[in-house]
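Please read the points below with the model open.

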Amino acid sequence: GFHSNHTATEAMVQATTNEGLATQEEMEAAKLPLQYRDFCAHLLIPLNECRRREYYLPWKCERERHRYEKCQYQEYKKKAEDKYRNARAMNTKRTGRNEKDQDTSTRTCRCPVGRRPKRRRGRSGSKIACSA
C-alpha cells in the first residue's frame, strides 16, 4: 500500500486544498494508473486508501469520494471554459472581427437584377450566395 509520513487527518486537510498537489513520487508509490495522474490525483490517493481499508463498501469513504468528484467536475468546467475561450479567440483572429460585428443581414451579393440572394450553410457558418 501507500506509505506516508502524514496522519489521516493531515492527509484530509492537505487533500482539501489545491496547494497539496500530488508529486510524481507519491503517485508512483500509490500505484495510480497514468490516466488518473491529473490535477485531482492528490484527492484520489486518500480515496483509494480508504477504499482498500473499508473493503470497497459503497457507503464508506463518501466524504473522500465527494471531494474527488467535485474536483473532477471543477476541472471539467475549467477545461470547457478554456476551450470556448480559445475557439472565440481563434475565430476573432481568423476573421479579424468579433462575433458581434458579423451581421450577415447587411451583406449583399452580386446577383443579376431581379434575383434575391439565397442563404446557404457551409462549414464556416452562414454564407450568402447568388441563387442564379
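**Notes on the model**

1. M27 lies in helix α2, which spans residues 24–29. Helices here are DSSP runs of H or I with at least four residues, strands are runs of E with at least two, and both are numbered from the N terminus. M27 counts as buried because its relative accessibility is 7%; buried means under 20% relative accessible area, exposed over 50%, and partly exposed in between, with a 1.4 Å probe and protein chains only.

2. The model is predicted: local features need pLDDT of at least 70, side-chain atom pairs count only at pLDDT 80 or more, and totals for chains, interfaces and linings use all residues. Residues are numbered from 1 along each chain as its sequence is written, and side-chain values use heavy atoms, with hydrogens and water left out.

3. Which residues does M27 touch, not counting those up to four places away in sequence? They are A22, L32, R37, A41 and I45, where contact means heavy atoms within 4.5 Å.

4. In soluble globular proteins, nonpolar side chains tend to be buried together.

5. How do α3 and α4 lie relative to each other? Their axes come within 9 Å and cross at roughly 150 degrees; axes are lines fitted to C-alpha atoms, for helices over the stretch in contact, with angles from 0 to 180 degrees between N-to-C directions. The two helices are therefore roughly antiparallel, the term for angles over 145 degrees, while under 35 is roughly parallel, 65 to 115 roughly perpendicular and the rest oblique. The crossing of α3 and α4 is left-handed, that is, the near helix is turned anticlockwise from the far one by less than a right angle.

6. On the α3 side, L43, L44, L47, C50 and R51 make this contact, and on the α4 side E64, R65, R67, Y68 and C71 do. By class there are 6 nonpolar, no polar and 4 charged residues. Ala, Val, Leu, Ile, Met, Phe, Trp, Tyr, Cys and Pro count as nonpolar, Asp, Glu, Lys and Arg as charged, and the others, Gly among them, as polar.

7. The loop between α3 and α4 holds Y55 and K60. Y55 is exposed at 69% relative accessibility and has a positive phi of about 60 degrees although it is not a glycine. K60 is partly exposed, at 33%, and its C-alpha atom is 8.1 Å from that of C50, 10 residues away along the chain.

8. K31 sits in the loop between α2 and α3. Its phi is also positive, near 55 degrees, in a residue other than glycine. K31 is exposed, with a relative accessible area of 72%.

9. Overall, the protein has 4 helices and 2 strands, in the order α-α-α-α-β-β along the sequence. Of its 132 residues, 20% are buried.
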